[in-house]
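Please look through the sequence and the model shown here before reading on. The paragraphs that follow take up a metal site, then a helix, then a group of strands.

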Amino acid sequence: MKHLKLKYALRGGELVHISQVESGDSQGCICSACSKAIVAKKGTKREHHFAHKAGDSCEHAVETALHDAAKEVLNRHRKICLPATFVTFTSYRENFKISNEKFCVIESLKIEQGISGIIPDLIAKIRGRELLIEVFVTHKVDSHKRQKIKKLGLSAIEIDLSKIPRDMPITQLEDLIVNQFDNKTWVNNERANKEYRKILSQTRKLNIILRGFASHVDYCPIRSRTWHGKPYANVIDDCLYCEHCLDVNIEDYVRCNGHIPQHEIYKPKILL
Ligand SMILES: [Zn+2]
């Protein structure tokens with residue numbers, strides 16, 4: 001892999017791009033990973049970049065600088081476009097959209113401060129609620145952290161910067177972080193969880209019965225199939241894509257709301 005050039009430095013506690021400084025000595029610029037003085041190299045032959053002084057080795061400079069740049073951008077702009085929100089199911093029925101992509105004002109922002117035993121990159125206050133923002137450069141939010149966030153009842157998004165050019169100009173980076181939503185995903189969304197629980201509260205748990213190679217549930221409320229007058233359903237062929245099937249544990253049960261009259265089935269509203 002090509003050795004990536006360092007494009008960002010810290011100066012007086014603020015992040016600067018290589019294009020914002022003069023060539024030459026460090027001018028007070030330090031590396032945001034190791035805090036050592038770095039020099040702006042802006043010659044005519046090579047790509048402009050910051051460099052550590054001879055003998056200073058620094059492995060994570062580029063990644064750390066990009067991470068810091070993302071935080072600095074949100075701190076300066078105080079707004080962010082959030083991705084659409086869906087209620088998702090363990091069956092294959094269609095996801096339920098409960099919110100479009102939307103542009104939000106950040107009322108306040110905490111950088112790298114703890115909340116209930118975890119330290120997200122940022123905690124933004126949006127419409128009076130706290131939203132955790134994680135920036136993914138080299139470390140994605142893992143399932144352990146995801147579970148922890150969910151258990152705490154916090155909403156969180158992840159901004160994926162893992163595949164962008166490490167020397168992306170700051171204006172492009174700003175646009176990506178503030179205005180775009182393609183590279184953002186919900187790590188956890190509390191409204192989606194609440195809506196899911198409401199939808200699930202209308203279901204009945206139907207046990208799966210293994211008959212030879214087939215998995216059945218008996219007394220299918222919408223009578224997918226019958227055998228000597230008794231309704232049943234084949235889990236794989238009938239339940240998985242059925243709009244009434246909201247949760248599947250393939251060797252154990254399905255959760256079904258087929259017994260509820262259509263007009264009484266709870267449907268979350270789409271918030272714009
Ligand atoms: Zn360094």
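Four donors count as tetrahedral if all angles lie between 85 and 135 degrees; four count as square planar and six as octahedral if opposite donors are over 155 degrees apart and all others between 65 and 115, and anything else is irregular. Donors here are N, O and S atoms within 2.8 Å of the metal (3.2 Å for Na, K and Ca), and sites may look incomplete, since water is not among the atoms. This is a predicted model, in which local features need pLDDT of at least 70 and side-chain atom pairs count only at pLDDT 80 or more, while totals for chains, interfaces and linings use all residues. Residues are numbered from 1 along each chain as its sequence is written, and side-chain values use heavy atoms, with hydrogens and water left out.

The zinc ion is held by the SG atoms of Cys 31, Cys 34 and Cys 58 together with NE2 of His 52, at 2.0 to 2.3 Å. The arrangement is tetrahedral because the four donor atoms subtend angles of 102 to 116° around the zinc ion. Along the chain, these donors follow the spacing C-x2-C-x17-H-x5-C. Distant parts of the chain are linked in this way, since Cys 31 lies in the loop between strand 3 (29-30) and strand 4 (38-41), and Cys 58, 27 residues apart from it, in the loop between strand 5 (49-52) and helix 1 (61-77). Helices (H or I, at least four residues) and strands (E, at least two) are DSSP runs, numbered from the N terminus. Cys 31 is buried, with a relative accessible area of 1%, whereas Cys 58 is partly exposed at 25%; buried means under 20% relative accessible area, exposed over 50%, and partly exposed in between (1.4 Å probe, protein chains only).

Turning to helix 4 (residues 190-201), its buried residues are Glu 190, Ala 192, Asn 193, Glu 195, Tyr 196 and Ile 199. Among the elements that cover them are helix 2 (143-151), strand 13 (155-160) and strand 20 (245-249), where contact means heavy atoms within 4.5 Å.

In strand 12 (residues 129-136), six of the eight residues are buried, so the strand is largely enclosed by the rest of the structure. Strand 11 (residues 122-126) pairs with strand 12 in the antiparallel sense over five bridges, pairing being assigned if DSSP finds at least two bridges between two strands. These two strands form a hairpin with two residues between them, and Arg 127 in the turn has a positive phi of about 50°. Strand 12 also pairs with strand 13, in the parallel sense over six bridges, and there Leu 132 has Ala 156 of strand 13 as its bridge partner.
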